[in-house]
Every structure is written in structure tokens, then in C-alpha cells.
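This report concerns one protein chain and the arrangement of its side chains. Please consult the sequence and the structure shown here while reading.

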Amino acid sequence: MFHLFSGLDFWIGVSLVLALTFVLAFEFINGFHDTANAVATVIYTKAMPPHLAVMLSGIFNFLGVLLGGVGVAYAIVHLLPVELLINVDTGRGLAMVFAMLAAAIAWNLGTWYFGIPASSSHTLIGSILGVGLANALMTDLPIAAGVNWGKAIDIGLSLVASPIAGFLVAGCLLLLFKRWWPASKMHKTPEQRRELDSKKHPPFWNRLILVLSAMGVSFVHGSNDGQKGIGLIMLVLIGIVPAQFVLNENSTSYQIDRTRDAATHLSAFYLRHQPTLDDFLAISKNKNESTDLPEQFHCHPQLTLATIDALQNDLQGVTHYDELSPEKRITVRRYLLCLDDTAKKVAALDGLESRDRADLHRLRADLTATTEYAPLWVIVAVALALGIGTMVGWRRVVLTVGEKIGKQGMTYAQGMSAQLTAVAAIGMANVFSLPVSTTHVLSSGVAGTMIANRSGLQGSTVRNILLAWVLTLPASMLLAAALFWIGVQISG
């Protein structure tokens, strides 16, 4: 880890430390801001003592980050357009990172202070969109090129669909519980259980399910939200010390061969489908005329064949990335990101069969195998920050989720329904590498069970949650854009 400071200018090193601290602070805040939702039901129903619940939740969050991979991390990174990712200099990279993090941290702390279950995912995505759009305006790019809108739409749909699914599925699950076991003690609130049965804790099987599902929510939260911190740290490292992190220096010769072979197969794929792709890639022109890459590299579909040739030349005979100069590693990463971006656009064109799109998907995976990675120390640092953050600051959100969403307290069956739904929804999002909001999924699940139970909803709390949901995206976008503009002026 400490080798990344070698040869750095003092102030760049200080900036790097501050940026990494900001990311870990964001994940720490995310721990007590979002993860409170994971333990809210288990604490409110007294299935577990609070301090034991948050400690175990912290451990499962840690494990979720450690074992969750990096798919969601790079889904977040690729919200930024490929042109911004391949041409970020140190000053602009610092401004970008600090703007995103400062905006996200400020909004998270504000909503946490007022006990509103707002979404850290929503906040971070809004901050990234704000930076992308501000960069487009400042560099005279079209607004359409300021953000990777295809990825933004995918993530936006997941953020909208997941709470709706949580609301409906949790409500239906509760109705099934009421139909199958109408007389069960699971339909009592903790207060009713204490008054009628003189018992403090839920019945054994209900308690077991509440505990296991709470730990499940913690694990999938770690594997989804924790990856956002991993993606941010990789943005920091690539933006500030690119020579060491643009490519995975631990890549084996086999992985580098796969990358080189993927470029070769990609070229053959395009030539094989020349009638369909000729207009988009200008294949005929590039076959008949030598096309040189511009001195200031930019990603354009009609430069694809030339980019493939340049990549193959740079990787010729290379068995380890240490053999490339720092400048050449940056160049290779630019080529790989550009080829991946173009292949993704080609896959969306009409005229290709489904098996051809599947081939492109496999080639893209090989192309990005050595660029989409995270060092172990990054994963462990994020896991620790999220896990430790989980263990503090949970009380405000627990009270909101347990008592202030519905007009009556939550029953054990409602808690189980909401938590089981959250585990399933976030787990499915992880499979498809889509970021979702633990806060929104669980809160909407609780609301769905309140409606199904005919308990009613507290208008003021629901209004606050919806208001936070609506305002989070534009507020974080505007705040991040303003901070990015200020940062670029200072660094420029």
C-alpha cells in the first residue's frame, strides 16, 4: 500500500491521503446511515440486543464487502463517460473526487441528523452525475456526452424498481403469513407480546428468522454499498497516481494474453460483420487507408480498428505490465476502455443476432479483465470503514423504521417480511451488478407490510422519506457540480 506514495510530489501525496480519508469517511457514514436499516427491525422487535445486533451487522457488512467482487464498483465508475475516464489529469481528478465525496457526505450527514432514511446510493449517484454534467459544460461537450446515459438509465431503473418491488413483495409476503398462520404469535407487536404473554422476545422461530434475515441484509448491503466505496477509491487512485493503478500490476501473462487475443478476435468480429457495422465503424475506409490515431487520443467508433492495431503493437511480447513505461500503461488503459465502450455501443445496434451479442459480451469481459480490479488493501479498508460505521449512530433511523412509518408498531411478521424481501432484492441486484438502496428497499418493504396489515401509514414520516427520495438526486447533483467547478478553478 505505502509504495503508492513513492516519487509523489508532497502536495499530491497530501491530496491523495485526504481523498482516501474522504472515501473511507463516506463509507463510515454509510455504515451508520444505511446499515441502521439492516438492524432496525431486529432491534425494534427485540430479537437481539442492540449492541450485539450492530456488532454482528458490522461483521457481516465487512464480509459482504470482502466477498462481493467489484461488479457494482465499476457500474458506479462507468456512470462517468469514457472520455472523462481516459483523459482525467491530476488536478481535474482531485476536483472530481473531492466534489463527489464532499457533496455525498454533506447530504448524508444532514439526513442522518434528522433521522430520515435517505439513500447513500442515491446521493453518490447524484454526485457523480453532477460532476459529469459540470465537466461537459466546462469543456464544451454536449450534455449527452457528459454522462454515460445508458448506464445511468439502467441504474436509475434499478433505484426506482427496487423500492416498488420491495413494497409489493413484502406486502404480499405478509398476507401469505396471515393466510397460512392467522393465529400465530408472529402477528403481535413487541408491546402486545409483553403485555399479553409477559415475554420480552419474539417466539423462537420468528426470532431466528429475524436474526438470520438481518444478517443477510447486512451481508448484501456490504456487497452492494461497500463496492461503491471500492469504486470511489479506484477513481481516486487512477486520477491521482495513474501510473500504478491504471492496470492491474499483478496480472499474469495469461491474463495479458487474453486481453491481446480479445482485441484480435474483436477485429475479426467487426470485419466479419462489415455489412452491418460499416457505417458505424467506417470499416471500408480504414481497411483501404491507413488511419493514424490523433495526438490527443479520444474515443471514436471510426478509430476502432486503428485503436486495436495500436493496442496490439503496445502489448506485443509483453508478459508483465511492469515492462511498460508508466505513460504506456496509461495509453493501454485508454485503448482498452475505448474498445470496451465501442463494443458496448455495437452490441446495441440493430442487425446483430443474440449469439453475436453474447460473443461481444465475452470479448468485453476479457478486454476489461486487467482494468476492472481492486487491490486487496482497498477492499479491506472499505470493509473496515463500513463495518465500524455500522456499530455507531444507528438509533435515529431504527426509531423511524420501527415506529414512525406505520400508525402502529411493527409486528414480528412485518419485520420478517420486510427483511426477507430486502435480502432477495439486493441479492438479485448484486447478481446483475446494479447498485440499489438498502434504505429504500427496506423502508418501502416496511410500508408495504403496514398497508397489507391495514395499520396505516404516518403521513409526516412517509412524506419526509419521499421528499428525501425526490430531493436527494437534484440536491447532490447541484452541490457536486458547484464544488467541482470551484475545485477546477482552484487547481487550474
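The sections below treat salt bridges, nonpolar cores, one histidine and a surface patch.

## Salt bridges

The model is predicted, and side-chain atom pairs are counted only at pLDDT 80 or more. The count of salt bridges comes to nine.

| Pair | N to O distance | Relative accessibility |
|---|---|---|
| Asp 314 and Lys 328 | 3.4 Å | Asp 314, 16%; Lys 328, 33% |
| Glu 353 and Arg 355 | 3.1 Å | Glu 353, 43%; Arg 355, 58% |
| Arg 362 and Asp 359 | 2.7 Å | Asp 359, 29% |

Side chains of opposite charge can pair when their charged atoms come close. In the salt bridge between Asp 314 and Lys 328, the closest N and O atoms are 3.4 Å apart. This pair links distant parts of the chain, with Asp 314 in helix 15 (residues 304–315) and Lys 328 in helix 16 (residues 326–347), 14 residues apart. Asp 314 is buried, because its relative accessible area of 16% is under 20%. Lys 328, at 33%, counts as partly exposed.

The side chains of Glu 353 and Arg 355 form another salt bridge, at 3.1 Å. Glu 353 is partly exposed, with 43% relative accessibility, whereas Arg 355 is exposed at 58%. Elsewhere, a network of salt bridges links Asp 341, Lys 344 and Lys 345.

In soluble globular proteins, nonpolar side chains tend to be buried together. The largest nonpolar core of this model comprises 86 residues, and those with the most contacts inside it are Leu 237, Leu 266 and Tyr 270. Helix 6 (residues 90–113) supplies the largest share of this core, namely ten residues.

Is His 273 buried or exposed? His 273 counts as buried, because its relative accessibility of 13% lies under 20%. The residue is placed in the loop between helix 12 (253–272) and helix 13 (274–281).

A polar atom of the His 273 side chain lies 3.0 Å from the backbone oxygen of Phe 269. The side chains of His 273 and Asp 356 are joined by a polar contact of 3.2 Å. When residues up to four places away in sequence are not counted, His 273 touches Leu 352 and Asp 356.

## A nonpolar surface patch

On the surface, a nonpolar patch is formed by Leu 52, Met 55, Ile 59, Leu 63, Leu 66, Leu 67, Leu 376 and Met 391. Together these residues have about 690 Å² of accessible area. Which helix gives the most to the nonpolar patch? Helix 3 (residues 50–67) does, with six residues.

Leu 376, another member of the patch, is found in helix 18 (residues 376–390). Leu 376 is exposed, because its relative accessible area of 61% is over 50%.

Definitions and conventions
Residues numbered from 1 in each chain as written. Predicted model: local features only at pLDDT ≥ 70, side-chain atom pairs only at ≥ 80, totals over all residues. Heavy atoms only, no water. Salt bridge = Lys/Arg side-chain N within 4 Å of Asp/Glu carboxyl O. Helix = DSSP H or I, 4+ residues; strand = E, 2+ residues; numbered from the N terminus. Buried < 20%, exposed > 50% of the residue type's maximum accessible area, 1.4 Å probe, protein only. Core = buried A, V, L, I, M, F, W, Y, C linked by side-chain atoms within 4.5 Å. Polar contact = N/O pair within 3.5 Å; in protein donor to acceptor, adjacent residues only side chain to side chain. Contact = heavy atoms within 4.5 Å. Patch = residues over 30% accessible without salt bridge, like charges linked within 9 Å, V, L, I, M, F, W, Y side chains within 5 Å. Areas by Shrake-Rupley, 256 points an atom, 1.4 Å probe, with all protein chains shown as cover.
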